[in-house]
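Please look at the model below alongside its sequence.

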Amino acid sequence: MGKDSNIKQRKAVSLISGGLDSMLATKVVMEQGIHVEGINFFTGFCVEGHTHAIRAKDRKKEKRNNALWVAEQLGIKLHIIDVIEEYKDVVLNPKHGYGQNMNPCLDCKIFMVNKAVAWGWMEENDFDFIITGEVIGQRPKSQRKATMPIIARESGAEDRLLRPLCAKNLPETLPEREGWVNREQLYGFHGRNRKPQIALAESLGIEEYSQPAGGCCFLTDKSYSEKLSDLWQSRGDRDYELDDIMLLKVGRHLRPKPHYKLIISREEGENHYLNGYQHEFTMIRTVSTGGPNALVDGNASEEDLMFAARVVARYGQGRNTDRVVMSIKQPDADLQEVSVKPLPPSEIPESWHV
Amino acid sequence: MSEHELNARRLLCPMPVIRTQDRIAELADGDLLKVTCTDPGVLHDIPAWCRIHGHEVVDTQTIDREMILTIRVHK
Ligand code: SF4
């Protein structure tokens, strides 16, 4: 038997976000002969696909899940894990606080690395270590030199966590010490400059990649974060269901009164999407002309609904006419048709826009 | 070899992919899984997931606003 057959094939799990950094980190380790499989977590806030699926105007664009696309480019398996329920605690009670918006990036990283470690699959399938695409100094709050050991420690990964793109700036990890990977062939990137990553991509023959501007999820988005805070404030409860956070990605959100909000579609795809919620929410539709559908979220009275119909009519083709026929359908009641005068734009104050 | 069905209507990507992945984990080599979805993103994502994991999409149909993908499991 040859000497090589005694050498164990080392294996790593890589956290794949769909962006360039995790793609590069994975490729760098694969080049060193490590067997890598990817893991991707679906929190409900991910930027992936949804808005494309919802909005008709985006339908012509290629709809792809970047994490799957990256895995395919790299030729690795990708396991997508639904963490919607468990992730709530990260969003609602982040021990290390939020970033610029509602993004709990540091807690999120700890959570994800921990999920990979705690995932029985890794042990069952004899995986040895974990890879992330983190770079020191890349993100002002979560990716700093001081946060790197916190993530390693609090996730329970300890020295089984390798960051190939900035490993040279960090203490040696288990895979380096054991010689499974050669530290000399890893990188020492730091700071916000993206040029080293772009140059590395080129040298590895990676020509196409996605570089999300803000981050990997909607929680880094200012307007989305404001909608989320508004939701909590109006309900007097910091909690959410998947449908809540999905609906924050759709339509125009107007709150005429503290106790209810209108989600008004902006085009056909959103109309269709909102229709899917007709059994759970009160739905207002424009009947006599072309116009939007709207969901009423909250406890609106009959009077509120009549007023809401006028607000919705303002966004339809009959906005300049005297009367528009609207339908109101409450989940447990018969459909009601009403003729209303569209509210003039001047009577819709900016402060209603969530 | 047996045939199975999965209802992934109203789920937005990547949930239909996750449900498909979890269901296939329980199936045997050669089984067929018919997945019915409403998010057009699945036309891209489910075949991509299948290619990565070595399964085969043997049929794709779009009826009204529903997409039905039939997958042969390879293990
Ligand atoms: S941007 Fe979102 S998904 Fe990415 S680390 Fe921050 S909270 Fe987590």
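A crossing of two helices is called left-handed if the near helix is turned anticlockwise from the far one by less than a right angle, and right-handed if clockwise. In this predicted model, the crossing of H1(A) and H9(A) is left-handed. The residues that make this contact are Leu20(A), Asp21(A), Leu24(A) and Val28(A) on H1(A), with Gln197(A), Leu200(A) and Ala201(A) on the H9(A) side. Sorted by class, the contact of H1(A) with H9(A) comprises 5 nonpolar residues, 1 polar and 1 charged.

Two packed helices are described by the angle between their axes and the distance between the axes. For H1 (residues 20-30) and H9 (residues 195-203) of chain A, the angle is about 50° and the axes lie 10 Å apart.

On the scale of the whole chain, chain A is divided into domain 1, residues 3-218, and domain 2, residues 250-352. Taken over C-alpha atoms, the centres of domain 1 of chain A and domain 2 of chain A are separated by 42 Å.

Turn now to chain B. Ile52(B) sits in helix H2 of that chain, which covers residues 42-53. Is Ile52(B) buried or exposed? Buried means under 20% relative accessible area; Ile52(B) has 13%, so Ile52(B) is buried. Leaving out residues up to four places away in sequence, Ile52(B) touches Leu68(A), Ala71(A), Glu72(A), Ile76(A), Lys77(A) and Leu78(A).

Conventions
Residues numbered from 1 in each chain as written. Chains lettered and ligands numbered in written order. Predicted model: local features only at pLDDT ≥ 70, side-chain atom pairs only at ≥ 80, totals over all residues. Heavy atoms only, no water. Domains from an automatic or database assignment. Axes fitted to C-alpha atoms, helices over the stretch in contact; angles between N-to-C directions. Helix = DSSP H or I, 4+ residues; strand = E, 2+ residues; numbered from the N terminus. Contact = heavy atoms within 4.5 Å. Nonpolar A, V, L, I, M, F, W, Y, C, P; charged D, E, K, R; others polar. Buried < 20%, exposed > 50% of the residue type's maximum accessible area, 1.4 Å probe, protein only.
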